[in-house]
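Here is a colleague's note for you to read beside the model. Keep the structure open and check each point as you go.

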Amino acid sequence: MIPDDLKIASLRIAPVVGAPMAGVTDEPMREMIRQFGTELLFTEMILAASLVHAHKKTQKMALCAQTDRPVGVQIEGTDPDVMAQAAKIIEESGQVDLIDINMGCPVSKIVKSGGGAALMKDPEKAEKIVQRVVEAVHLPVGVKFRLGWDGDSLNYLDFGKRMQQAGVSFVTLHARTRQQFYAGHADWNAFEKLKKVLTIPVIANGDIRTSAQAKKVLSETGVDAVMIGRGLLGKPWALAECRTGLKNGVFNKMDDISQVVLDHFHKMEKYYGHKAVFIARKHIGWYSSGMTGASAFRDRVNQITQTAELLSLIRDFFGRQT
């Protein structure tokens, strides 16, 4: 059965959620996604210690506009007290609906410090972090984690039960191990197994990009929602398209992709200033994926340092695709 909505505390939202992605789900990207729908979105991963120490860039990353709702802020760290302080700072902003704790990031610099997916090797510490954060705030708190560290240590079922006992309101499972990073295939069978041992909402993440895939996961595993991550790259309308498909509706795709790309760039320019020319390169590359002449186009984009030249190239390339 496909759920009508995802229920977390007092929130009632569509069962299609945008994943927190470092370097991707910044404010301009979230604004773009919201032009197509109002699904739950998350910020980029926020380093708790940087937020507590008032690092300006981190503070800006954690800020959410009043129109950017519903939204969750994802935090990462290993010190329970620092994590609790960061969660309190976020709650006091008054512009956030959820707090999510990252216990699944596979990146070396994070796991070397004992954070991200490394916390799955230390469930007692993970439990203490969750308990302190839950005690510190009134907002619903969730945890995102993986199947385990590697194929020989698949502890996600016990880990999920520990997180529930520690007081989280929901969990998100990325159905790969840390060893896999983002390679191979996500194990969708794990979603059903986790859902059966928990009573709180379970969000499924991993290799879900289309409404057909979302339908399969929701109907066959019993989870409460699906989370789309890499499917949003170059497709800010992916959540809306998926949500429409779940209701057997037809999503009307835009005819003029060039206008979408230009709009996204202008939002980045407003947020980042001249740095937008460089930050936009990856997004423009994703938008152009699969299009005629995309490789040569990306090569040219990566050489450009001036806004006017980049805008002209965008109009020319994407204008020829429609």
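1. Start with handedness. A crossing is left-handed if the near helix is turned anticlockwise from the far one by less than a right angle, and right-handed if clockwise. By that rule, helices H4 and H6 make a right-handed crossing. Helices (H or I, at least four residues) and strands (E, at least two) are DSSP runs, numbered from the N terminus.

2. Know what you are looking at. This is a predicted model, where local features need pLDDT of at least 70, side-chain atom pairs count only at pLDDT 80 or more, and totals for chains, interfaces and linings use all residues. Residues are numbered from 1 along each chain as its sequence is written, and side-chain values use heavy atoms, with hydrogens and water left out.

3. Back to H4 and H6. H4 spans residues 80-92, and H6 spans residues 123-136. They pack at about 30 degrees, with axes 8 Å apart. Axes are lines fitted to C-alpha atoms, for helices over the stretch in contact; angles run from 0 to 180 degrees between N-to-C directions. H4 brings Pro80, Asp81, Met83, Ala84, Ala87, Lys88 and Glu91 to the contact, and H6 brings Lys128, Ile129, Arg132, Val133 and Ala136. Contact means heavy atoms within 4.5 Å. By class, this contact has seven nonpolar, no polar and five charged residues. Here Ala, Val, Leu, Ile, Met, Phe, Trp, Tyr, Cys and Pro count as nonpolar, Asp, Glu, Lys and Arg as charged, and the others, Gly among them, as polar.

4. Look at Lys88 in H4. The cut-offs are under 20% relative accessible area for buried, over 50% for exposed, and partly exposed in between (1.4 Å probe, protein chains only). Leaving out residues up to four places away in sequence, Lys88 touches Ala136 and Val137.

5. Next comes H1, residues 27-34. Six of its eight residues are buried, so H1 is largely enclosed by the rest of the structure. Those six are Pro28, Met29, Arg30, Met32, Ile33 and Arg34. They pack against strands E4 (41-42) and E6 (71-76), and against helices H10 (238-246), H11 and H12 (276-288).

6. Take the H1 contact with H11 (residues 257-272). The angle is about 145 degrees, and the axes are 9 Å apart. H1 passes H11 in a right-handed crossing. The contact includes Met29 and Met32 of H1, and Met268 and Tyr271 of H11. Its residues divide into seven nonpolar, one polar and four charged.

7. Now the rings. The whole structure holds six aromatic pairs. Rings of Phe, Tyr and Trp (its six-membered ring) pair if their centres lie within 6.5 Å; planes under 30 degrees apart count as stacked, over 60 as edge-to-face and the rest as tilted. Why is the pair of Phe297 and Phe317 stacked? Their planes lie at 5 degrees, with ring centres 3.9 Å apart. Phe297 is in H13 (residues 294-301) and Phe317 in H14 (residues 307-319). Phe297 and Phe318 are edge-to-face, because their planes lie at 85 degrees, with centres 5.5 Å apart. Ring pairs link Phe297, Phe317 and Phe318 into a cluster. Phe297 is buried at 3%, Phe317 at 2% and Phe318 at 0%.

8. Finish with charges over rings. Lys121 lies over the face of Trp149, 4.0 Å from the ring centre. The charged end of Arg146 sits over the ring of Tyr182, 5.0 Å from its centre. The test asks for NZ of Lys or CZ of Arg within 6 Å of the ring centre and within 35 degrees of the ring normal.
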